[in-house]
Amino acid sequence: MDKYEAYEKYLDFEDDFVGRGRANGRKNPRPGNKTNKKPATERAELTDFSDDASVWVPKYAASLDPKHHERTWLIESLASFYQDNVILDVTRRVKGGKEANVYCCPAHPATGLELIAAKLYRPRTLRTLKNDAIYKSGRQLRGEDGKELKGRREKLALAQKTRFGQHLDMVWWIQNEFSVQQKLYEAGADVPRPIRHNGNTILMEYVGDEWLPAPALSDVALERDEARDVFERVITNIRIMLDNHLIHGDLSAFNILYWEEEVFIIDFPQVVDARKNPHAQFLLQRDIKRVCDYFARFKVPSDPSQIAYDLWIPYMGNE
Ligand SMILES: Nc1ncnc2c1ncn2[C@@H]1O[C@H](COP(=O)(O)OP(=O)(O)O)[C@@H](O)[C@H]1O
Ligand SMILES: [Mg+2]
């Protein structure tokens with residue numbers, strides 16, 4: 001089964017899991033999707049994924065019902081990383097969201113890490129807000145190999161949001177998120193070290209320890225002096241991003257982890273290119289405003305418009 005077929009299966013399986021009958025009751029049934037016509041039970045059958053003795057079952061998956069869609073999805077998404085000696089196991093789910101689930105994985109010693117975070121996108125992610133046109137403006141369409149898409153078929157599929165188009169889109173988002181994180185890591189920004197990615201998963205350094213994942217800044221109360229230092233650090237990171245022509249686009253205290261007095265900026269699917277996106281300046285201002293608002297809670301004074309101006313004007317001047 002290739003990645004695309006697997007993706008199709010996940011979609012069907014998730015339809016059945018999320019709410020029986022939702023697939024049938026959907027207002028706009030997917031055109032030309034033959035599998036929709038089959039009864040739900042038949043569609044939900046995942047014989048290809050059934051786990052026999054030869055299939056790797058990580059600790060966390062073993063705690064789930066064998067028919068649970070998350071178990072199948074987890075094993076299918078992470079097995080290659082296990083086979084390639086990147087992760088040894090999956091011990092728990094750190095966070096489950098509408099877009100992605102993040103899991104904690106003991107790392108193979110060869111990675112030089114103890115723990116790895118696996119961010120697995122849910123198949124339905126493409127329908128969510130981050131896929132908004134504001135982020136897409138000015139982006140180039142790229143295929144699985146990272147090369148620009150020139151083919152009429154691919155462009156049409158994306159425009160018409162067919163399943164194949166959605167698959168291309170997902171591959172693009174993940175590849176983009178990974179390469180942005182890699183670029184920032186290499187540029188010295190405070191981001192978790194990216195390790196590997198595949199069609200729906202990103203592996204990166206886990207922030208936290210085996211007992212506790214790092215909290216987001218939104219869940220942390222800071223002393224005033226500490227808050228001032230952390231604020232400066234976050235603004236420095238925004239500057240490093242801009243020096244690399246990148247604007248986070250969804251920066252807030254929810255996407256900054258705090259661990260042992262260090263910050264780690266995460267969650268890059270909606271990053272935009274400051275040179276190409278017509279909304280770049282607006283997104284930069286919004287990121288800075290949200291950061292300033294958070295630090296104002298701890299009495300850190302700041303002028304978000306001035307900070308944005310002081311970053312943007314020299315940046316534009318250098319172009
Ligand atoms: N590298 C990491 N180490 C520890 N926890 C992480 C890591 N990356 C993400 N998380 C946890 O998963 C949550 C969701 O990750 P995020 O990348 O923000 O995805 P999204 O918000 O799109 O669901 C974070 O708020 C954090 O709790
Ligand atoms: Mg997030």
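Let me start with a term: a residue is buried if 20 or more other C-beta atoms lie within 10 Å of its own, exposed if 12 or fewer, and partly exposed in between, with C-beta atoms placed from the backbone. Leucine 251 is buried because 26 other C-beta atoms lie within 10 Å. Keep that residue in mind.

First, the ground rules. This is a predicted model, in which local features need pLDDT of at least 70, side-chain atom pairs count only at pLDDT 80 or more, and totals for chains, interfaces and linings use all residues. Residues are numbered from 1 along each chain as its sequence is written, while chains are lettered from A and ligands numbered from 1 in the order in which they are written.

Now the overview. The protein has 11 helices and 9 strands. Helices (H or I, at least four residues) and strands (E, at least two) are DSSP runs, numbered from the N terminus. Of the 319 residues, 33% are buried. Next, contacts: two residues are in contact if their C-beta atoms, placed from the backbone, lie within 7 Å. Among contacts with a separation of 6 or more, 60% link residues 24 or more positions apart.

On to the sheet. Strands pair if DSSP finds at least two bridges between them. S1 (92–96) and S2 (100–106) pair antiparallel over 4 bridges. A hairpin of 3 residues joins them. Arginine 92 faces cysteine 104 across this pair, and lysine 95 stands opposite valine 102.

Alanine 100 stands opposite tyrosine 121, and cysteine 105 has isoleucine 116 as its bridge partner.

In S3, 6 of the 7 are.

Which residues have the most contacts inside the largest nonpolar core? They are Cys105, Ile116, Ala118, Leu203, Ile247 and Phe264, in a core of 68 residues. Such a core is a set of buried Ala, Val, Leu, Ile, Met, Phe, Trp, Tyr and Cys residues joined through C-beta atoms within 7 Å. At least three of its residues come from each of domain 1 (3–205) and domain 2 (217–318). Those bounds come from an automatic or database domain assignment.

Take alanine 118. Neighbours within four places in sequence aside, alanine 118 contacts Leu78, Val90, Val102, Tyr103, Cys105, Thr201 and Leu203.

Now the ligand. The shell around ligand 1 holds 20 residues, and Lys95, Gly97, Val102, Ala117 and Asp267 come nearest. Near here means a C-beta atom, placed from the backbone, within 6 Å. By class, 12 are nonpolar, 3 polar and 5 charged. Ala, Val, Leu, Ile, Met, Phe, Trp, Tyr, Cys and Pro count as nonpolar, Asp, Glu, Lys and Arg as charged, and the others, Gly among them, as polar.

Back to leucine 251. Where is leucine 251 found? In the loop between S6 (246–247) and S7 (256–259). Leucine 251 and aspartate 267 are 16 residues apart in sequence and 8.5 Å apart in space, C-alpha to C-alpha. Neighbours within four places aside, leucine 251 contacts Asp287, Arg290 and Val291.
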